[in-house]
Amino acid sequence: MKSFNLKFLIFYIGSVVLVGLLFSSISTYGNNYLKAPARISGSYRLEAPNLATCLQSSPLILTIGQSGKYLSGFLLSSEVTAQQSRSAEKRPTLTGEWEEDRWILSGLVSELNSCPQNTLSIELRGYLNEKQLRGQLNLPEINSKAIDFSANKL
Amino acid sequence: MEIVIQVLIQVLIVIGLSRLVGLGFRRLNQPLVIGEIVAGILLGPSLFGLIAPDVAAAIFPAETISYLNVLSQIGLIFFMFLIGLELDPKYMKNQLESALLISHVSILVPFCFGSLLALLLYPLLSDASVNFTAFTLFLGSAMSLTAFPVLARIITENNLQKSRLGILALTSAALGDLAAWWLLALSIAVTRTNSMAGAIPTIFKSLVYIALIIAVGRTFLPKLSTFYNRTGRLTQFLLALIYMGVVVSALITEWIGIHLIFGAFLLGVVMPKNEGLTRELAQKTEDFVLTFLLPVFFAYSGLKTEIGLLNRPELWLLCVLVIAVATIGKYLGTFGAAKFCGISNRDASILGWLMNTRGLTELIVLNIGLSLNVISPLLFTMLVIMALVTTFITSPMLAWLYPKQPIKKQVLKATPASFEPKYRVLVPIANPESQKGLIEIAVALAQANSKVQQNAVVYPLSLIQLEEDYAFESTPAEANRLIAQRKAEIDLLINTTEIPANSQLIQPIVTIANDVAKETALIAERDRMNLIVLGWHRPAFSNNRLGGRVGQILSTAKVDVAVFVDRQISKWENLLVPYVPNIHNDLGLELALRLTINRQECQLTVLRVVRENLPTEELSYEFKNIMDRLPASVKERITIANIHPSDGIAEVVEASRCADLTIAGASREWGLERQTLGGYADELAFKCHSSLLIARKYSQVTSHLSSVL
């Protein structure tokens, strides 16, 4: 019985020490060498002077959801109803990801009541500068060229 | 619409759906918790929000979600109090050395695996605002949990709570639960302070509080037990005091910097384990918490689970990796430690799967992680799927590795190896107080009242169906108490009957079952019963007297069944058998002949239906043979009379005035149809003046007479 206790104790303490060492090594390595993407999630007011007139009738709000490098979101006019906004939250229309220090989001922008088309495809690329997003957006159905934009966090 | 109305409508939908889906999963032999988690996910963006975003947004608007959160947090606090309350120290005393090793190694190995996985997942699924150490601690904790309440339920449901394996699993899970909660507390402390060093004051305060609450538990709380013993009941005043204590303790741990749930859990752990007090407190608390508040917690979790985020093959691959690491880590840790303790391969493997049950506990940890932003929505979704998968596989793996043995071997007292009964009657007993006649008819069918030894056995079967996954009655100790109580009731019932003293004739079986009808049919088949004799009852929600569980057993049992309608006539001297040749009437006649042979005082009248313009109906060929083989002493007690089919039932009813027991096949002629014994089932059963035995034949080859002829 005594030998079993000793064996048990050695095994038990050995396991705990081993796990402690492994955890501290992993923790040190991770904290020093692993880099996660910057936090970008939130709502931003989009400003782009060269946007088509129909898109300038009311401010556009870009909402980004983030899970690490993977992004999702939606772009809505600030004039949409609360119900439309809630529906968009349930089913984001943009997907994208962080690539190095730049992010990309593409998909559809809908509920554009002032434009001839209610839904447009869109691609946004940019970088994060503290609480501001800067970059270019493409709306192939309206503009042939990319348009510069900036967006401030709400 | 006012917010309170909106929240109440949400709660209505949540409770309804979680019950519905939960019941569906119960039918798949899965814990209710899986159904409840799935119901929550269905209500969220993964399904409801995906197919009808406008409706989902209208029913679950963002401004009401915080109210759901408050309800779910209150539910969680009291649920954790219940977990602590039901964590009886006696679960931690058995095979302590092995259990301690198994529980801790089964946490350490998946924790290591989780930490290694963090190296891959952190750059992909986390962001720079999250401290890597906190992320790793959380992921490791999520990988290493075992849900004690769900595990206890699975063990109880499989009647393993008294086996060495079951006790070891329970003890390991109980000890592991304590360790895992403190690992989680450490993770929260590190997350909130963003470093290991910063968490030291929180850890110190936590230790001080633990010491304090243990001191309170040792000095003040036993007085609660004394007070309860004196009053004999849990008064509302005392209940209010205890609930206030739960809230105060929860607030203190939140203030310390860990989480509300730990305070509630700690108070539950240090509560005096007075059996009566614990039972009454648990029963009073759990009804509202488990049926109302906990489904809200599942719905709240489901609303945040977005399976749609897994929108790339690589993310599904990561999800599979998370599941694999969690499962393999837990399995290997448990298996290795169990082998080190000298446990066999099979038992070590079973333990490995049992300890993989994560269920609700995992969901609690994940919600805390998500609320602290230490895990992202995508990782949250992956870990919810992992919790579902690992809990889901436990029951099938257990069934595969530990197939159920015939119930006779599991629960009956040892009988001599040479004793192999030739005739077995299973008698499901729902209410021991009112089924004396049922036992007596089964005994009369099984055994002669002379001293001839026939090697027949009657098995009164009482199955205890547990209601909720985490209810107090599901705890192994309480289940054992319920079994002992029911066993005593059955013994009392047997003692009140006039049954010849024969230790082997009646062998009661009392055990836990998930589904009474299904388990009865299973036991009958597995234990090679010749006949099931059931009492009848009227189901609460149907007019069909042979519906409900009786109907289910009639439809599913792969054994001949007889349903007994008791008119409180204890002597069976005059038997009546209405007869038209078909398999069910043949069974009725067989049973009547068996009774006639067993009891020399029995007189049997066979009412044979004679149709006009058709050859005279005869007994079937097989029965003519049997009648030929009957001894003269039996033959002379049998009378065969003819009746006309025009009003067969009326004639049978009239004849039953002179009978003590009528035995009819489940056939249309008597208004007793085979399929459900449904539409016309009442006819003869309702009008018959004598007791009635309705026979339903399943097996064409079973003979109920071979053992007596």
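Contact here means heavy atoms within 4.5 Å. By that criterion, 38 residues of chain A are in contact with 47 residues of chain B. The model is a predicted one, in which local features need pLDDT of at least 70 and side-chain atom pairs count only at pLDDT 80 or more, while totals for chains, interfaces and linings use all residues. Residues are numbered from 1 along each chain as its sequence is written, chains are lettered from A in the order in which they are written, and side-chain values use heavy atoms, with hydrogens and water left out.

**Interface between chains A and B**

The two chains bury about 3,800 Å² between them, 66% of it on carbon and sulfur atoms; buried area is the accessible area (1.4 Å probe) that two parts lose on being put together, summed over both. On the chain A side, Phe23(A), Tyr70(A) and Lys90(A) lose the most area to chain B, together 19% of what that side buries.

Two salt bridges are counted between chain A and chain B, each being a side-chain nitrogen of Lys or Arg within 4 Å of a carboxyl oxygen of Asp or Glu. One of them pairs Arg39(A) with Asp127(B), with the closest N and O atoms 3.0 Å apart.

Helices (H or I, at least four residues) and strands (E, at least two) are DSSP runs, numbered from the N terminus. Five elements of chain A each supply at least two residues of the side that touches chain B: helix 1 (2-33), strand 2 (60-67), strand 3 (70-77), helix 2 (82-90) and strand 4 (94-99). Helix 1 of chain A gives the most, with 16 residues.

Buried means under 20% relative accessible area, exposed over 50%, and partly exposed in between (1.4 Å probe, protein chains only).

| Residue | Location in chain B | Relative accessible area |
|---|---|---|
| Ile102(B) | helix 6 (residues 96-125) | 0% |
| Ser656(B) | loop between helix 27 (648-655) and strand 9 (661-665) | 0% |

Not counting residues up to four places away in sequence, Ile102(B) touches Leu168(B), Ser172(B), Thr334(B), Ala337(B), Ala338(B), Cys341(B), Ile343(B) and Leu351(B). With the neighbours within four places likewise left aside, Ser656(B) is in contact with Leu576(B), Thr662(B), Cys688(B), His689(B) and Ser690(B).

Helix 24 (residues 583-598) of chain B is mostly covered, 15 of its 16 residues being buried. This helix reaches 22 Å from its first C-alpha to its last, close to the 22 Å expected at 1.5 Å a residue, where the expected span is 1.5 Å times one less than the number of residues.
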